[in-house]
Amino acid sequence: MHEKNTEVPQGGPSRRAVVRGAAWSLPVIAAALATPMAAASVTCTTTISSGAAVYSRLSATSSVFTWVNLFGDGKDLTLTLAAVPNGASNMTINTTNNLRLDASTQGGEAQPSVHLALDTADLRNLGGGQRVTFSFALAGAPVTVNNLSYKIKDIDGFQALDGRGGAERVFVSDGSGSYNSDWIEGAGTGTEPWRPSTASPNPEVAAGSAAGNVNVAVASVSAFNLTFVANNSGRAIGDRPPQNIWVGPFTFTASNPACTP
């Protein structure tokens, strides 16, 4: 009769140890498999428009676009607008219409765009107006977006007393613009703002026409300024017309910082 060998083989674990180790490894494997599935529900990069946002006008000088839970991780992306008077007091911010989101036909299209409105306080030719700061943020922290594009619509107005084009003038801190040179001139800078051309076919642009538009493109930005001023024209004394432009829609590419290695 042979005796049963109960010794554990040299250099290898027991069967019980192998089974116990396999059992402990199951939760680890399950967690590893679940991680890619959870990550897949979070968007890393998306191209969006202001038409998909919720717009809130807080006052004549403050408003915000909100893209709720944009990347699927519970964080909201916002574009905040803050307006302040700029330059001389011959033009003032219109408290009724400024920063309203307007979907009426302006600049040849009926797309929701932010209305910037000025009132003529007096006839001094001093270029007063407003400066609007646009700031992007994700969950309240500044964030950079790419390939931003938008339109500045209906730049027009009778020829100003300075002899450098029509009354309405617009310039930006970032980006370049393209436009119909028969109607608009300038470079979008403080010294050479976009303005109605001295040779424009008509001092006023019809709402159904895109002749007074500037198409703006910005490669990369987290915040920028747009300044809208007016140099009063040679109208009759007492003729103090309001000045209006529309800005938007905004289209851009946003990236989720959480996806950056």
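**Reading cavities, strands and confidence in a predicted model**

User: Which residues line the largest cavity?

Analyst: The largest cavity is lined by Thr120, Leu123, Ala167, Ala230, Asn231, Asn232, Ser233, Arg235, Asp239, Pro241 and Gln243. This is a predicted model, in which local features need pLDDT of at least 70 and side-chain atom pairs count only at pLDDT 80 or more, while totals for chains, interfaces and linings use all residues. Residues are numbered from 1 along each chain as its sequence is written, and side-chain values use heavy atoms, with hydrogens and water left out.

User: How is a cavity found, and how many of 30 Å³ or more are there?

Analyst: Rolling a probe the size of a water molecule over the atoms shows where empty space is left. A cavity is a set of points, on a 1 Å grid over the protein atoms alone, where a 1.4 Å probe fits but cannot get out; lining residues have an atom within 4 Å of a point. Points are joined across faces, edges and corners, and the volume is the space filled by probe spheres set on them. The whole structure holds two cavities of 30 Å³ or more.

User: What classes of residue make up the two linings?

Analyst: Ala, Val, Leu, Ile, Met, Phe, Trp, Tyr, Cys and Pro count as nonpolar, Asp, Glu, Lys and Arg as charged, and the others, Gly among them, as polar. Around the largest cavity there are four nonpolar, five polar and two charged residues.

User: Why is strand β11 largely enclosed?

Analyst: Buried means under 20% relative accessible area (1.4 Å probe, protein chains only). Four of the five residues of β11 (residues 168-172) are buried, so the rest of the structure largely encloses this strand. Strands are DSSP runs of E, at least two residues long, numbered from the N terminus. Two of them pair if DSSP finds at least two bridges; β11 pairs with β16 (residues 223-230) in the antiparallel sense over five bridges. Valine 170 is opposite phenylalanine 228 in β16.

User: Where is the pLDDT below 50?

Analyst: Where pLDDT is low, the predicted coordinates should not be read in detail. pLDDT is the predictor's confidence in each residue, from 0 to 100. The protein averages 87, and 83% of the residues score at least 70. Residues 15-20 fall below 50, with one contact (heavy atoms within 4.5 Å) beyond near neighbours in sequence. Residues 22-39 are also below 50, with zero such contacts.

Notes:
Buried < 20%, exposed > 50% of the residue type's maximum accessible area, 1.4 Å probe, protein only. 1 Å grid on protein atoms, 1.4 Å probe; cavity = no way out; pocket = protein on both sides within 12 Å on 5 of 7 lines; lining within 4 Å.
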